[in-house]
Amino acid sequence: MAEEQLKKVEAESTAAPAPAPIETTKTVAEEKAVIQHPEEKVDDSKALALVEKTGQSAPKKISGGSIDRDIALADLEKEKRLSFVKAWEDSEKTKADNKAQKKLSAVAAWENSKKAATEAQLRKIEEQLEKKKAEYAEKMKNKIALIHKQAEEKKAMVEAKRGEEFLKAEEMAAKYRATGQTPKKLLGCF
C-alpha cells in the first residue's frame, strides 16, 4: 500500500504543474496545546500522549510535488514507528504476563511441595503416636495383669488364713468340748 501511494505521488508530481497549498487541520502549536495544557502539571517521565487518528478511513488526496511526497513519507514513517511501538508494547506485555505466570507456577509448586512435606511429617508423627499408644496400652495391660495376679495371691492368702483360723477354731472347740471348759473370750473383738 505504501508503494502504491509513492507511485501515485510521483505520478501526480510529474502531471501537476503547480503544487497546491497544503491543507492542515491543526498546526504544531495547536497539537502541543492539546497534548499539554500550561495550567496542568504533568510528569513528563510518565506521560503518555494520545494520538488521534483523523480521517484515516478516507485516503488523503495527494497533489503537488516533492513536498507532498515528503509529507506522505513522513506519515508512513510515523505509522511505521507507531506500529513498532505497538508491537514492542504488546511484546513487553506478553513478557510480563509470561514472567508472572512462571512465578505463579513456581509459587504453586513451592506451596504443593511444602504441603506434601508437612502432611508427610504429620503422618509420621501420627504413626509415632499410634506406636506409643500401642506401647502404653500394652504396658497398662501388663500392669493390670500384674495387679490381678497380686490380688489373686492376696485372696489366696486370705482364704488360706481363713482356713487355718477355721481349723484352729475347730481344734479349740474340740479341745473345749473334750475338757468341758468354756472359752475365756466369747467375742474376740471386745
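A residue is called buried when its relative accessible area is under 20%, exposed when it is over 50%, and partly exposed in between, with a 1.4 Å probe and protein chains only; at 45% relative accessibility, K115 therefore counts as partly exposed.

## Basis of the model

This is a predicted model, in which local features need pLDDT of at least 70 and side-chain atom pairs count only at pLDDT 80 or more, while totals for chains, interfaces and linings use all residues. Residues are numbered from 1 along each chain as its sequence is written, and side-chain values use heavy atoms, with hydrogens and water left out.

## Confidence

The mean pLDDT (the predictor's confidence in each residue, from 0 to 100) of the protein is 78, and 64% of its residues reach 70 or more. Among the elements, helix α3, covering residues 66-179, has the highest mean pLDDT, at 95, whereas helix α2, covering residues 28-35, has the lowest, at 48.

Two stretches stay under 50 in pLDDT: residues 15-26, for which the model has 11 contacts (heavy atoms within 4.5 Å) beyond four places in sequence, and residues 28-42, for which the model has seven such contacts. Where pLDDT is low, the predicted coordinates should not be read in detail.

## Overall architecture

The secondary structure comes to three helices and zero strands, where helices (H or I, at least four residues) and strands (E, at least two) are DSSP runs numbered from the N terminus. From the N terminus on, the elements accordingly run α-α-α.

Buried residues make up 3% of the 190 residues in the protein. The protein exposes about 18,100 Å², of which carbon and sulfur atoms supply 59%; accessible areas come from the Shrake-Rupley method with a 1.4 Å probe, and for residues only the protein chains shown count as cover. Of the contacts in the protein with a separation of 6 or more, 71% are accounted for by residues 24 or more positions apart.

## Helix α3

The expected span of a helix is taken as 1.5 Å times one less than its number of residues. On that basis the 114 residues of α3 should span 170 Å, and the end C-alpha atoms of α3 are 166 Å apart, which agrees. After α3 comes G180, whose phi is positive, near 85 degrees.

Side chains of opposite charge can pair when their charged atoms come close. The structure holds six salt bridges, each defined as a side-chain nitrogen of Lys or Arg within 4 Å of a carboxyl oxygen of Asp or Glu. One of them joins the side chains of K86 and D90 at 3.7 Å, N to O; these residues are four apart in helix α3, so about one helical turn separates them. K86 is partly exposed, with a relative accessible area of 46%, and D90 is likewise partly exposed, at 36%.

A salt bridge also links the side chains of E92 and K95 at 3.6 Å, N to O, and these two residues lie three apart in helix α3, about one turn of the helix. E92 is partly exposed, with a relative accessible area of 31%. The side chains of E111 and K115 meet in a salt bridge at 3.5 Å, N to O, with the two residues four apart in helix α3 and hence about one helical turn from each other. E111 is partly exposed, at 36% relative accessible area.
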